[in-house]
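Please look over the structure shown here, and then read the short briefing that follows, which is grouped by topic.

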Amino acid sequence: MSDRALLILHGVLGFAAVMAATHHAAHTVLSALDRPQARALRRFGWIAPAAVIAQAACGLLLYPAYRIHVRAADLDHNAPAVAQLFDLKEHLSALALALVIAAALAGRAADPPREARWPIAALSCTGAAFLWFAAIVGLYVTARHPV
């Protein structure tokens with residue numbers, strides 16, 4: 001698969017990951033507010049981690065091309081702040097991966113205990129927020145210099 005096709009797939013999977021994680025976060029908050037929608041929570045409890053894992057795997061495949069063709073060739077010399085922003089995005093993406101998986105595993109029960117609902121919502125909402133940040137920074141870096 002070409003780098004361009006992989007970049008497009010990475011973007012599509014990133015969009016799916018952001019949307020699925022956002023939906024999971026919304027349903028965990030509804031659950032914490034005693035308005036659970038168990039079916040939707042279970043559905044997004046597997047879709048969100050699957051999308052984030054697939055998107056991360058695609059990003060790992062793209063990373064060598066990014067390091068050579070974008071970072072070393074352009075960003076390190078002409079826009080070091082953008083390179084550092086991309087590094088922050090990578091770190092927050094890794095945290096988001098862990099948070100989304102943890103929230104999905106913790107919320108697997110059809111009706112989690114009441115005292116666990118807000119912590120699960122916090123995990124899920126933080127993971128979704130980190131994914132939004134990563135998506136926006138990724139789009140910015142790609143617009144500045146695509147692979």
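Arg 67 lies in helix H2, residues 38–78, where helices are DSSP runs of H or I with at least four residues, numbered from the N terminus. This is a predicted model, in which local features need pLDDT of at least 70 and side-chain atom pairs count only at pLDDT 80 or more, while totals for chains, interfaces and linings use all residues. Residues are numbered from 1 along each chain as its sequence is written, and side-chain values use heavy atoms, with hydrogens and water left out.

**Arg 67**
- Arg 67 is partly exposed, at a relative accessible area of 38%, given that buried means under 20%, exposed over 50% and partly exposed in between (1.4 Å probe, protein chains only).
- Between the C-alpha atoms of Arg 67 and Val 147, which are 80 residues apart along the chain, the separation is 9.3 Å.

**Nonpolar cores**
- The largest nonpolar core has 14 residues, and Ala 21, Val 52, Val 100 and Leu 131 have the most contacts inside it; such a core is a set of buried Ala, Val, Leu, Ile, Met, Phe, Trp, Tyr and Cys residues joined through side-chain atoms within 4.5 Å.
- At least two residues of this core come from each of H1, H2, helix H3 (80–106) and helix H4 (114–144).
- Another core, of nine residues, lies apart from it and includes Tyr 66, Leu 75, Phe 86 and Val 137.

**Cysteines**
- The structure holds zero disulfides, a disulfide being a pair of cysteine sulfur atoms within 2.5 Å.
- Cys 58 is buried at 4% relative accessibility, whereas Cys 125 is partly exposed, with a relative accessible area of 32%.
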